[in-house]
Amino acid sequence: KRVVWQRIKETIIEDCKKSEIWKILILDHFTTKLLSSCCKMSDLMQEGITIVEDLYKSREPVLEMKAIYFMTPTAKCVDAFIGDFKLKPKYKAAYVYFTDYCSDELFNKMKLYCGKYIRVCKELNISFLPQESQVFTCDNPGAFRSIYSPHCSQDKVNTLETLAAQIVTLCATLDENPGVRYKKETMLENTTLDNAKQLAALVDYKLTKHYDMDDNGKKKGKTQAQLLIIERGFDPVTPILHELTYQAMAYDLVPIKNDTYKYKSKDGSEKEALLNEDDQLWARLRHMHIAEVSEQIPKLVKEISANKKQPDGKITISGLSQLMKKMPHFRKQIAQKTVHLNLTEDCMNHFQKNVEKLCKAEQDLAVGSDVEGVKVKDPMRTLLPVLLHPHGTYDKIRAVLLYIFSLNGTTEENLNKLIQHVKIEEDREFILNWRELGVPIISLPSFFPMRRSSRRDRTQEETYSLSRWTPVIKDVMEDAVENKLETKEWPHQSECPAAWNGSGAVSARQKHKASSQDERRSGSRLIIFVIGGISYSEMRSAYQVTQSVKSCEVIIGSSHIVTPMELLDDIQALSKPTTTKETFTIVKE
């Protein structure tokens, strides 16, 4: 986020400072999200931008002001821009900034209709969203359907091209030219799933092209970075498990839309809170287990009340509002804690109502053994209590899927019984369509049983009994950092520098003790891109590995972030034909 804001300041803001007039900033949907993710309105005000407007809405002319247009290089955006100047100009002049490469066709069209108003036209090379400090997305949930639906073969090529261009802008923003590797394609029912291979080739080609055209006229060599590309089907378990760490649990169980949590305060009024890194308490708690979070928040509140010699006792939400009235100085701190007290309460209510009963069965099926380490010999015995309990349909589907994944596919007869049991005869695609991701659902008779990839031994690690599963991506991250990824499983699209070693060979050469972030920046970077969506638990893994390794920063990204429900809905929709023409692409149309 910091790097993106810095880049925007160095280009857009610096250019505008040369002119004394206060300016208006005009954004499209994507650039609105991009700016919101890395700066506040007050930051823009400081830089002389007084008004922020929507490119597509009708606006009053302000002829004495100069307008900054920050937009994606699409025909739709360019046409909206031309509309502001073609017949009657709305502004004194236009400073145009594109997120990415603008085609000659669009550029010439702009020049033809409003060339005399354009003072600046630049490409920023940022077409990804910095979601969190170590997470990025391409803001393209529709990519899932375009890549995996049998009805979208033409869209798939364009989508992979677009994602590749977005990944290259991420690398360029971080000033990295990484070695590119991908997870070997999987064969299933006579089809080969090679999206990771295709995307790796596209990214590598575009990276080479980008650094050949470097502004300094120098060809950039490979940097201390590695990019791994992997498909969603490599780990179907993690995104559908009930997670008990705060962020993953909240987004799964509580209706949070656009990172906004809505709740009722004690006086009955509707409140909302944005869950992002500006909320330091959220950043501190989000990867903790809910049991720890439940303990932490009351402690933090007691610290504040102790400062004001408040009576001890159980912390309640109504008690907090009383504190706020008595202590205006602590209002902001307490308001934050009120949000998290509410959210934690919401999570715990769901947990106690039905999730707790599901978790043991889910963990046993996912891990393949119970809490004592005894192997699960008959997964059906583990699944049955879940099916017999009046859980919701989605919860039962999730358990059935975990059962099927644990066996690497089941028989058609068994599958039909399970589908009848869950009463989804009309919606069997929730289960069957996982095949489109290369995940075996029906087991085929074979002389060569499917080899399950071996997992890292974590028996010595302390875990909660209902949180024993570790996302597969965490194994991948640790193996990559330790240089243990097998070339057979992870072919090189382009070689990493010979010296690449994420596990500390770099940091050992440092003389001064830098802050942990600086230390990582002068070390190496591991960038992971998951085709088809990442889960919040996989995002957490990037922070955990970075924390434990210190000398290597792990960054994870995807087309979008998924919750279990969203992923199941996307899976079900794969077999539905596209009725209307949907355009999901952001960078190119």
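Predicted model: local features only at pLDDT ≥ 70, side-chain atom pairs only at ≥ 80, totals over all residues.
Trainee: What makes H18 and H20 roughly parallel?

Mentor: The axes of H18 (residues 472-481) and H20 cross at roughly 30 degrees and come within 9 Å. Angles (0 to 180 degrees between N-to-C directions, with axes fitted to C-alpha atoms over the stretch in contact) count as roughly parallel under 35, roughly antiparallel over 145, roughly perpendicular at 65 to 115 and oblique otherwise. H18 and H20 are therefore roughly parallel to each other.

Trainee: Which residues of H18 and H20 meet?

Mentor: From H18, Ile 473, Lys 474, Met 477, Glu 478 and Val 481 meet Glu 538, Ser 541, Ala 542, Gln 544, Val 545 and Val 549 of H20, contact being heavy atoms within 4.5 Å. These divide into six nonpolar, two polar and three charged. Nonpolar covers Ala, Val, Leu, Ile, Met, Phe, Trp, Tyr, Cys and Pro; charged covers Asp, Glu, Lys and Arg; the others, Gly among them, are polar.

Trainee: Why is H7 called oblique to H8?

Mentor: The axes of H7 (residues 153-173) and H8 (residues 195-212) cross at roughly 50 degrees and come within 9 Å. That angle makes H7 oblique to H8. The crossing of H7 and H8 is right-handed. Among the residues that meet are Leu 160, Ala 164, Ile 167 and Val 168 in H7, and Leu 199, Leu 202, Val 203 and Leu 207 in H8. The contact of H7 with H8 holds 13 nonpolar, three polar and three charged residues.

Trainee: How many cavities are counted, and what makes a space a cavity?

Mentor: On a 1 Å grid over the protein atoms alone, a cavity is a set of points where a 1.4 Å probe fits but cannot get out; a pocket is an open set with protein on both sides within 12 Å along at least five of seven lines; lining residues have an atom within 4 Å of a point. By this rule there are two cavities of 30 Å³ or more. The largest cavity has a volume of about 80 Å³. It is lined by 13 residues, and closest to its centre are Ala 248, Ser 535, Tyr 536, Ser 537 and Pro 564. H9 supplies the largest share of this lining, three residues. By class, the lining of the largest cavity has seven nonpolar, four polar and two charged residues.

Trainee: What lines the second largest pocket?

Mentor: The second largest pocket holds about 1500 Å³ of space. Its lining has 46 residues, with Gln 131, Tyr 251, Asn 258, Asp 259 and Ile 561 nearest the centre. H2 gives the largest share, five residues. The lining of the second largest pocket divides into 19 nonpolar, twelve polar and 15 charged residues.

Conventions
Residues numbered from 1 in each chain as written. Heavy atoms only, no water. Points joined across faces, edges and corners; volume = space filled by probe spheres on them. Helix = DSSP H or I, 4+ residues; strand = E, 2+ residues; numbered from the N terminus. Left-handed = near helix turned anticlockwise from the far one by under 90°.
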